[in-house]
Amino acid sequence: MHHHHDDAHGFVAAVEHASEARGLRLTPLRKEVLELIAAAGKPIKAYDLLDQLRERHGNAAPPTVYRSLDFLLEQGFIHKLESINAYVSCHHPDEAHQVPFLICDNCASAQEVCDARVAELIEAQARAFGFRPQAQTLEVHGLCKQCRKS
């Protein structure tokens, strides 16, 4: 499995539902950016999103794409993979969480590690040092199962 969202439409529907439940406005552009991220099946860079939007509309500007990405990130609908500067849809769009990712350096797939113990352990260690964490980014690079086979 290369990515956790085999069903891009189901993911977008889950985000629409979560937005409605939270009283958020999922504008047509935000939804379209979300659909492109979900359909990519692997992490996608902002400028690749911009290129795809320009193919469809001709006039998409970087600030509008970044505003949509910021909204989707703030709401926890997508994750930003800092080490490769790319975006990926979130496995649990209805709950805010910080999770580690396994990123394949060969095929660029990203797997969300859905185990709260990892984030809790880091948080507990931070507190033990008297540190108050505000954000976590844990990205582990290597080779995925598929790429190791070939």
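A: In helix α2, the buried residues are Glu32, Val33, Leu34, Leu36, Ile37 and Ala38. Buried means under 20% relative accessible area, exposed means over 50%, and partly exposed lies in between (1.4 Å probe, protein chains only). Helices (H or I, at least four residues) and strands (E, at least two) are DSSP runs, numbered from the N terminus. The model is predicted, so local features need pLDDT of at least 70 and side-chain atom pairs count only at pLDDT 80 or more, while totals for chains, interfaces and linings use all residues. Residues are numbered from 1 along each chain as its sequence is written, and side-chain values use heavy atoms, with hydrogens and water left out.

What lies over these residues? The cover on the buried residues of α2 includes α1, α3, α4, β1 (78-81) and β2 (86-89). The helix length also checks out. α2 has 13 residues, so at 1.5 Å a residue it should span 18 Å, and its end C-alpha atoms are 18 Å apart, which agrees. The expected span is 1.5 Å times one less than the number of residues. Just after α2, Gly41 takes a positive phi of about 75 degrees.

Now the core. The largest nonpolar core has 23 residues. Those with the most contacts inside this core are Leu34, Ile37, Leu49, Leu69 and Leu72. Four helices each supply at least two of its residues: α1 (8-22), α2 (28-40), α3 (46-57) and α4 (62-74). α2 gives the largest share, 5 residues. A nonpolar core is a set of buried Ala, Val, Leu, Ile, Met, Phe, Trp, Tyr and Cys residues joined through side-chain atoms within 4.5 Å. In soluble globular proteins, nonpolar side chains tend to be buried together.

Leu69 shows the packing. Leaving out residues up to four places away in sequence, Leu69 touches Val33, Ile37, Ala46, Leu49, Ile78 and Tyr87. Contact means heavy atoms within 4.5 Å. Another core, of 6 residues, lies apart from the largest one, and Val88, Val99, Phe101 and Ile103 are among its members.

Ser19 sits in helix α1. Ser19 has a relative accessible area of 2%, so it is buried. With residues up to four places away in sequence not counted, Ser19 touches Leu24, Leu26 and Phe77.

Asn85 lies in the loop between β1 and β2. Its phi is near 50 degrees, a positive value in a residue other than glycine. Most residues other than glycine have a negative phi. Asn85 has a relative accessible area of 42%, so it is partly exposed. His92 comes in the loop between β2 and β3 (101-104). At 27% relative accessible area, His92 is partly exposed too. His92 and Cys147 are 55 residues apart in sequence and 26 Å apart in space, C-alpha to C-alpha.

Ala108 is in the loop between β3 and β4 (110-112). Phi of Ala108 is near 70 degrees, again positive in a residue other than glycine. With a relative accessible area of 31%, Ala108 is partly exposed.
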